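Colleague: Could you walk me through this structure? I'd like to go through it piece by piece.

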Amino acid sequence: MSDNQKTATLSLPNNESLQLPVYEGTYGAPVIDIGDLNKSSVFTFDPGFRSTASCRSDITFIDGSNGILLHRGYPIEQLAESSEYLEVCYLLLNGELPNETQKQNFYDEVTHHTLVHEQLINFFNGFPRNAHPMAIMCGVVGALSAFYHDTLDIQNDEHRTNSALRLIAKMPTLAAMCYKYSVGHPFIYPRNDMSYAENFLNMMFSLPTFDYEPNPVLTQTMDKIFILHADHEQNASTSTVRLAGSSGANPFACIASGIAALWGPAHGGANEAVIHMLEAIEHPKNIPAFLKRAKDKDDPFRLMGFGHRVYKNFDPRAKIMRKSCHDVLQAVGVNDQLFDIALQLEDIALKDSYFLDRKLYPNVDFYSGIIMKAIGIPTNMFSVIFALSRTVGWVAHWNEMIGTPGQSISRPRQLYTGAAKRDFVPLNQR
Ligand code: ACO
């Protein structure tokens, strides 16, 4: 430890004390390095990782108290306003916005990989038609590793880049295939003359008998939804990807593990849960009864789309989505009762002391579900679209971790509270 290294002193139960290095990042609270604690007689205890930084990262910064989200230093508001999803992908993966040539090359490389192997169709055919699309996604994304043995050397930079491109390019194709399979329609091949978002909507809604012509407002909003979900630092699914990747697992397997973690209603499943909640509320007059349930500690019901582990202020992505929500509803001419319920719920909750005291604000999922519903995307596809968008974030973090010198397997410890050592009891004596 250098002389000017800041330290924190930890007094241990055996009267020993330890000097622990304190690091400061570009922004955010300083962190105490407890990495050497295992050389003493104690560990730290932090279930849910509320106070633990699991890694150093250069990719994304969130200031939850002030509602700030930066990707590689750029505010999310500016990226959502002036950028395209693939440009944001390049930024997240490479650290800088692309120049004209870099952008064109990156777009060409992504579109080069949009097709999936024809044999993957057999995987789809093995699923029941009513399977949840996230169940299918966990399977088919993991299965990609069976097709790309040529790029699975995780220590090879070129292989890692190739896997990243393949994942970003194929996710829309696979996501749309999930939908087509569920409704019994033929799969639509990707169109490389279309933008990323346009191609996705085309694969979702075109038929051999009907050319889908996406409304430019919907295409732009879809692209914005992709941007707003592209990365969010060390959330549950990204941490899962890092943890899986720390063992040396291949990127397709790691992304499949991220999809599984994202599926839960406390994470990526929330936008689906928001729609179910709004449908259950049915009419604005029922809002007070649902708010009462949300505040009742004996009732497991929570207001879906409200609250965030990190944001204790308005989620900046939610502000952007709120505006897009109005644009889309106007563009498609939907007068959706659900949106009325959502706005009234938002209004009432934002004035309620329970939510104010706990700093529970609407999160991005509160609005994205309504937008996707208006675009015509079925509810069970919402988390698939989140997974599609977040793939670049997962890959960027996985890549950053693999490229970190001294990277080792992540292996948390535990506080054991089970039975003390005892002797085996034969079956006839139990
Ligand atoms: N409705 C009602 N009460 C809530 C809600 C909610 N949505 N969220 C938190 N609270 C309450 C908790 O009961 C707790 O109350 P208490 O202090 O009286 O015990 C307090 O607010 C603090 O909440 P925590 O559970 O400590 O917050 P945590 O950080 O663990 O959870 C989470 C964050 C999971 C997002 C939670 O707010 C939640 O379940 N929200 C609904 C689901 C949701 O919208 N998820 C999307 C997250 S964003 C994303 O993944 C893109």
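Modeller: Happy to! Let's start with a serine: the side chain of Ser40 has a polar atom 2.7 Å from the backbone oxygen of Leu37. Bear in mind that this is a predicted model.

Colleague: Which residues does Ser40 touch, not counting residues up to four places away in sequence?

Modeller: One of them is 28 residues from Ser40 along the chain, with the two C-alpha atoms 9.0 Å apart: that is Leu12. With sequence neighbours up to four places away left out, the residues that Ser40 touches are Leu12 and Leu18.

Colleague: Now the sheets, please. In what order do the strands of the sheet with β1 come?

Modeller: This is an open sheet of 3 strands with antiparallel pairing. β1 (7–11) and β3 stand at its edges, and each has a single partner strand, so one side of each is left without a neighbour in the sheet. The order is β1-β2-β3.

Colleague: Which residue is the bridge partner of Ser11 in β2?

Modeller: β1 pairs with β2, residues 17–23, in the antiparallel sense, and 5 bridges hold the count for that pair. In β2, the partner of Ser11 is Ser17.

Colleague: How many bridges join β4 to β5?

Modeller: The two strands run antiparallel, with β4 at residues 60–63 and β5 at residues 68–71. Asp63 has Ile68 as its bridge partner, while Ile62 stands opposite Leu69. The number of bridges joining β4 to β5 is 4.

Colleague: Which turn residue in the hairpin of β4 and β5 has a positive phi?

Modeller: This hairpin has 4 residues between its strands. In the turn, a phi of about 65 degrees belongs to Gly67.

Colleague: What about the hairpin of β5 and β6: which residue takes a positive phi there?

Modeller: β6 covers residues 74–75 and pairs with β5 in the antiparallel sense over 2 bridges, with Tyr74 as the partner of His71. There are 2 residues between the strands of this hairpin. The residue with a positive phi, near 50 degrees, is Arg72.

Colleague: Is Arg72 buried or exposed, or does it fall in between?

Modeller: Arg72 lies in the loop between β5 and β6, and its positive phi occurs in a residue other than glycine. Buried means under 20% relative accessible area and exposed means over 50%. At 22% relative accessibility, Arg72 therefore counts as partly exposed.

Colleague: What is the phi of Glu233?

Modeller: Glu233 sits in the loop between α8 (216–228) and α9 (236–246). With a relative accessible area of 22%, Glu233 is partly exposed. Its phi is positive, in a residue other than glycine, and is near 40 degrees.

Colleague: Which side chain makes a polar contact of 3.0 Å with that of Ser83?

Modeller: This contact runs from side chain to side chain. The partner of Ser83 is Glu87.

Colleague: Last, the ligand. Which residues come nearest to it?

Modeller: There are 21 residues around the ligand, and by class this shell has 10 nonpolar, 5 polar and 6 charged residues. Those that come nearest are Arg50, Arg302, Leu303, Gly305 and Arg309.

Colleague: How much of the ligand's accessible area does the protein cover?

Modeller: An oxygen atom of the ligand is 2.8 Å from an N or O atom in the Arg302 side chain, and a ligand nitrogen is 2.9 Å from a polar backbone atom of Phe306. A polar side-chain atom of Asn363 also lies 2.9 Å from an oxygen atom of the ligand. Of the 930 Å² of accessible area that the ligand has on its own, the protein covers 78%.

How values were computed. Residues are numbered from 1 along each chain as its sequence is written. This is a predicted model: local features need pLDDT of at least 70, side-chain atom pairs count only at pLDDT 80 or more; totals for chains, interfaces and linings use all residues. Side-chain values use heavy atoms; hydrogens and water are left out. A residue is near a molecule or strand if one of its heavy atoms lies within 4 Å of it. A polar contact is a pair of N or O atoms within 3.5 Å; within protein, one must be able to donate a hydrogen and the other to accept it, and residues adjacent in sequence count only if both atoms are side-chain atoms. Accessible areas come from the Shrake-Rupley method with a 1.4 Å probe; for residues, only the protein chains shown count as cover. Ala, Val, Leu, Ile, Met, Phe, Trp, Tyr, Cys and Pro count as nonpolar, Asp, Glu, Lys and Arg as charged, and the others, Gly among them, as polar. Two strands pair if DSSP finds at least two bridges between them. Contact means heavy atoms within 4.5 Å. Buried means under 20% relative accessible area, exposed over 50%, partly exposed in between (1.4 Å probe, protein chains only).
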